[in-house]
Amino acid sequence: MKRLSVFDIYKIGVGPSSSHTLGPWMAALQFRNALQGISFDRVEVHLFGSLSMTGIGHATDLAVQLGLEGHDPKKVDTNQIPFYIGQIKSTQRIRIHDREILFSPTRDIIFERTIKPEHPNTLTFRAYEGGREVLAETYYSVGGGFIEKKGDIHPDLRQDELPYPIDSGRDLITYTDNEQVPISEIVSRNERAFRNQEDIDRSLREIFRVMRDCIFHGCQTSGILPGGLNVKRRAAPMAKQLLGNLEYADHQAFFEAIKGSGRDFNTVNHWVNCFALAVNEENAAMGRIVTSPTNGAAGVIPAVLCYYYCFCDYRGFEDLRRFLYTSAEIGCIFKKKATISAAEGGCQAEIGVSSAMAAAGLTELMGGRPRQVLMAAEIAMEHHLGLTCDPIGGLVQVPCIERNTMGAMKAITASNLALVGNPDDAVVNFDIVVKSMWDTAKDMNQSYKETSLGGLAFNLPLALPEC
Ligand code: SF4
C-alpha cells in the first residue's frame, strides 16, 4: 500500500487535465531525464487509449512537448506556453538538454487510438539514433497527475513506515478514537514523516495562495475559452454583477470585498458558483491551478474552502491546515481503494471525489466529529455514484466547468446534513461508498470514461482539428 502525502493530492500545476496534461508532462520530464548522457537524434511519443481519444482537447500533445523541453509545470510562465509551442511548430525542432533535434508534432506525436490492456492512459516515448532505437519507456498516467513507469517497483512507498497507516475510514476512526484527536491531527502526524512542519506550512500556504490567485484571475478575465467550442467565460461577469465595476489590486483586496458583499443565501450561492467557475475556466485556458485531486475537478475544493474563508468563521492558518489535511486524506483513500482517474471511473472519480474531500474538510472545520466528517464524505460521494465522463470535443469545458459548481454545492449540503445527523443512524458508511464507487467504475461502459465516445460528447460532437 502506498504512502501518500497531502502534497500528492494537492499539486500546483497547469490545466486542463491532471491525467491527460500534468501526468504526460511529468512522464515527458522523466523521459527527458533518462535521455541524459544518451546520444539520440529523434524522439517519438505514442499515445494510447483515452490519451489518444481526448488528447488534443486535453492538450496532451502540448504537455509532452513542454515536458521534453524541460519546462516545470509548477513554475512555467503559463503566458509563455503558446510561444514555446509555437516555436517548436514553426521551427520543427525541439530542444532536449543541449541538443536541438528535428521534431514535427504532427509526425512525432502519434495518436494510436488503441487501448492498452495494462491501463487506459498509456504513453510510450522512443528515442532513436541513426534509425536505431536507443531508449524506450512506457508510462501510465493513473489520475491526479500521478504517473507510474512500466516495470518500476516502489519498495520505498510502503505506508507501514507511517505512524498511522490508513487504508479506510475505519482506520481513521480507530486512530481518532484511540488518540482522541480529530482526523486532521492524525494526518498531520503522518505528514511529518515526509517533511518538517516548516516545509509543510510553507507549502500549504502556497497552495492556498495559488487557489485564491486562480479565483482572482478567473474573476478578472472575460472572453471565449480556447478549443473551438466557443464557451464564454462566466466567472468575471458574475463577479462584476456581485461586486460592481471596481478594480482590485490583488486577491487579498478582492476577497476582502467579497467578505463584505452580503451573506444571504443567494449571494453566498452565487459566490460559491463563481469561485468554482473561475478556477475551471482558468484550468480550461491552461492557467495555473492546484490539482485537487484532479484538474477537471480543481474548482470544487477552492470553492468550498473560500466559501468557509469568506462566509464562515475563518480563524486563520490553522483552519486552512485542518481543511487541507482532512480533505486530502479522503482523496488518498479513494486513490488507494478506488480511483481518482476518469479514464478508470468516469466523473464520479473526479467531481465525486473532490466533493467528498471538500465535504469532509468543511465538516471538520464546522466542528463535526470524525464520524460526521466521514459521513459528510460518504453523502457527497453517494450522490455522485455513476456520474459519467463525456466531455464535448474532449475539452475540459462542457460539462466539466459547470459540474464543479455542482460538486461544491453538494459538498456544502452533505456537510450540513452530516453536522445535524447521527452517523450511527446512517445506512451507508464511508468505506461502503468507496467500494461502491470502485465497483461502479469497473462496470461502467468505456464510452463514459474520458473517451468522448458517449453521452454529451456523442450527441454534440465537435470536429477538432487533427493534430
Ligand atoms: S466530465 Fe468530469 S471527469 Fe470528465 S473531463 Fe470533465 S470534469 Fe473531468
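In the predicted model, Arg-212, Asp-213 and Phe-216 of helix H9 meet His-251, Phe-254 and Phe-255 of helix H11. By class, this contact is made up of 3 nonpolar, 1 polar and 2 charged residues. Two packed helices are described by the angle between their axes and the distance between the axes. For H9, which spans residues 197-218, and H11, which spans residues 251-259, the packing angle is about 75° and the axes lie 9 Å apart; the two helices are therefore roughly perpendicular to each other.

A further helix, H4 (residues 60-68), is largely enclosed by the rest of the structure, because 9 of its 9 residues are buried. Just after H4, Gly-70 adopts a positive phi of about 95°.

Among the strands, an open sheet of 5 members is arranged in the order E5-E2-E6-E7-E8, and its pairing is mixed. Its edges are formed by strand E5 (109-111) and strand E8 (146-149), each of which pairs on one side only. On average, and with direction ignored, neighbouring strands of this sheet are turned by 25° against each other. Strand E2 (residues 42-47) pairs with E5 in the parallel sense over 3 bridges, and within this pair Leu-47 stands opposite Phe-111 of E5. Helix H2 lies across strand E6 (122-129), strand E7 (132-143) and E8, and runs at about 150° to E7.

Strands E3 (residues 93-96) and E4 (residues 99-102) run antiparallel and are joined by 4 bridges. E3 and E4 form a hairpin with 2 residues between them, and His-97 in the turn has a positive phi of about 55°. The bridge partner of Ile-96 in E4 is Arg-99.

Most residues other than glycine have a negative phi, and most peptide bonds are trans. Against this background, Met-286 has a positive phi near 60° although it is a residue other than glycine, and it is placed in the loop between helix H12 (265-284) and strand E9 (288-291). Met-286 counts as buried, because 22 C-beta neighbours fall inside 10 Å. Glu-450, likewise not a glycine, has a positive phi of about 60° and lies in the loop between helix H19 (430-443) and helix H20 (455-459). With 35 C-beta neighbours inside 10 Å, Glu-450 also counts as buried.

Cis peptide bonds were assigned at two prolines, Pro-16 and Pro-399. The bond from Gly-15 to Pro-16 has an omega near 10°, and Pro-16 is found in the loop between strand E1 (11-14) and helix H2 (18-35). The bond that joins Val-398 and Pro-399 has an omega of about 15°, and Pro-399 is found in the loop between helix H17 (370-382) and helix H18 (400-419).

The ligand is surrounded by 13 residues, the closest of which are Gly-296, Ala-342, Cys-347, Cys-389 and Cys-400. Divided by class, the residues of this shell comprise 9 nonpolar, 1 polar and 3 charged.

Notes
Residues numbered from 1 in each chain as written. Predicted model: local features only at pLDDT ≥ 70, side-chain atom pairs only at ≥ 80, totals over all residues. Near = placed C-beta within 6 Å. Nonpolar A, V, L, I, M, F, W, Y, C, P; charged D, E, K, R; others polar. Pairing = 2+ DSSP bridges. Axes fitted to C-alpha atoms, helices over the stretch in contact; angles between N-to-C directions. Parallel < 35°, antiparallel > 145°, perpendicular 65-115°, else oblique. Contact = placed C-beta atoms within 7 Å. Buried ≥ 20, exposed ≤ 12 C-beta atoms within 10 Å, placed from the backbone.
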